[in-house]
Amino acid sequence: MVAAIASDHAVRGSTLTLREVSHSFDLEGQPLPVLDRISLQVGRGEFVALLGPSGCGKSTLLRLVAGLDTPTAGSLLAEGREIEAPDPSRVVVFQDPTLYPWRTVRSNVALGLEARGLLRTHGGRIEDALRLVGLTGFANAYPHQLSGGMAQRAALARALVNDPKLLILDEPLGQLDSLTRIAMQAELVSLWQRSRFTALMVTHDVEEALLLAGRVIVLSDRPARVKAEVVNSQPYPRHRGDPHFVELRREVFGQLGLDEAW
Amino acid sequence: MVAVLTALWPDKPESDWAYTGGFAIACGALALALALAAFAGVRFVAFQRLQRLSPWLFALALFFAAWEAVTAKLGLLPLPFFPPPQAIVEVVIDDWGRLAEGIFASARLLATGYFLGAAVGFVTGVAIGWSRLAGYWIHPVLRFIGPLPATAWLPLAFFVFPSSFSASIFLIALATGFPVTVLTWSGVACVKSAYYDIARTLGATQRFLVLKVAIPAAMPHVFVGLFMGLGNSFAVLVVAEMLGVKAGLGWYLQWAQGWAAYANMYAALLLMAFLCSGLITLLFRLRDRLLSWQKGLVRW
């Protein structure tokens, strides 16, 4: 069953292109620039992490990629086509799981299929997705009965059930305790390896970025610019104590201007 | 507790045995049944729920005993205004037909007005909460007319509408509709924007966002509105029945007072209390069923 989902996706991740994307908010009549000419090319099935200090505009960038907002300048393309509106092929997992409290876990996971009228034809995917994130036994539970980690896994299942080509992760593990977090990092990698979607993750955790992503894009303070790019081609699973890993971590901290503190 | 209950219950009927046989026998029978139940509680689990109620039963017994004492036995309270309990029992038995008719008439009027008002209020609330255009046009009207007590429309309604029945329905609907509209609106307006973001990225249409996101998320607020609307509708019902419609429990109250039949009035009040409390309970049951996903619901 799990394999059925995975083979479905094989190398089905989409490409993503950002061309000189700038964005600013309107703050009491004054424009507040948050993104400054960001260009980025993400290949099919790649796992890219955006790393930057909090409040630098990373989440804004993800909202643009998701199509929830439109940029002030520049363009974003998925599979070579302009992103104008949200599309179920690009699914977001937010920092807060935001499950609907009035729905059970199963029907939360069913949300995307229901919205697109695919419940009858693709309903079987719900159980597959629940199994994938290890929540089969909690299908009938309500969100308030779940722990933080379980809620986030349910949110992940809700995303995966739509067979996304691009999974957008907005600090998806940010609110979890450190032990759950370490376990979920490993789960995310194996999910991605099996399903081969393209993943774009925002995080402010250097280790997390290096553990999961093949490429880490370091962003500057607001307005965010691309400051550096660090490639980690180590095979998975990666180990935090590995000398090369430690070296990369030092490099990234240096890019963030925190090498002395580290 | 069980021992105290058993010891005290049988005492009461003996004191008023001489006054009204029927009432005393009923009390005695109830006491006997309770005493039996109390003893049964020692053996059977089913009767143990009753034990939890025993302080209340005991207090009620004291209340009835005191009532009996100050009215029928000692005559401390002036008689036409404060009849003894057995007089009310007598009314309920003798005038049953007219009371039942009253209950039926009130229930019909209330149900029609309430459902109409709740439905219109709900739809209006969703419209204001969702659509800017609807908000622009409806909000000022709501602000201006909504706070006006529905009963202020009474004189106008009774000559504009063809019958006092339809006028009363309008008034009850108005009284129900206002709180339902405002709370539905606020419920829809309070929905976290993240809920919409999630649904939009998953390919939801506008229709889906309204029906499957905004409305379910607003339901806790809607129920507060329905609850307040129900309370308002009771008030308007009674006033409308007293002043316009020549039927129903409100009219019966007025009629009984006109004949100085105070026992009848108390009986109607009692029935009205049961009716209103029962309806509120019903509404809360419905809420508990629909909103079982919520934590920390207030138990009615």
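Helices (H or I, at least four residues) and strands (E, at least two) are DSSP runs, numbered from the N terminus. By that count, chain A has ten helices and ten strands. This is a predicted model, where local features need pLDDT of at least 70 and side-chain atom pairs count only at pLDDT 80 or more, while totals for chains, interfaces and linings use all residues. Residues are numbered from 1 along each chain as its sequence is written, and chains are lettered from A and ligands numbered from 1 in the order in which they are written.

Q: How do you know that the radius of gyration of chain A agrees with a compact globule?
A: The radius is taken over C-alpha atoms, and the globule rule is 2.2 Å times the number of residues to the power 0.38. For 262 residues that rule lands near 18 Å, and chain A has 18 Å, so the two agree. Along the principal axes, the C-alpha atoms of chain A fill a box of roughly 50 × 45 × 35 Å.

Q: Why is A:His144 called exposed?
A: A residue is buried if 20 or more other C-beta atoms (placed from the backbone) lie within 10 Å of its own, exposed if 12 or fewer, and partly exposed in between. A:His144 has 12 C-beta neighbours inside 10 Å, so it counts as exposed. You'll find A:His144 in the loop between α6 (124-132) and α7 (148-160) of chain A.

Q: What makes strand β8 of chain A mostly covered?
A: Six of the six residues in β8(A) (198-203) are buried. A:Thr198, A:Leu200 and A:Val202 point one way, A:Ala199, A:Met201 and A:Thr203 the other, and all are buried. In a regular strand the side chains alternate between the two faces of the sheet. For the whole of chain A, buried residues make up 44%.

Q: How do you know that β3 and β8 of chain A pair, and in what sense?
A: Two strands pair if DSSP finds at least two bridges between them. Five bridges join β3(A) (47-51) to β8(A), and the strands run parallel. β7(A) (166-170) is also parallel to β8(A), again over five bridges. A:Met201 is the bridge partner of A:Ala49 and of A:Leu169.

Q: What makes β4(A) and β5(A) a pair?
A: DSSP gives β4(A) and β5(A) (81-82) two bridges, in the antiparallel sense. A:Leu77 has A:Glu82 as its bridge partner. In their hairpin, with two residues between the strands, A:Glu79 takes a positive phi near 55°.

Q: How do you know which residues of domain 1 and domain 2 of chain A are in contact?
A: Contact requires C-beta atoms, placed from the backbone, to lie within 7 Å. On that basis, 14 residues of domain 1 are in contact with 13 residues of domain 2. α1(A) gives the most to the domain 1 side, with five residues. The bounds, from an automatic or database domain assignment, are 2-89 + 165-255 for domain 1 and 100-163 for domain 2.

Q: How many residues of chain B are in contact with chain A?
A: 14 residues of chain B are in contact with 21 residues of chain A. α10(B) gives the most to the chain B side, with seven residues.

Definitions and conventions: Two residues are in contact if their C-beta atoms, placed from the backbone, lie within 7 Å.
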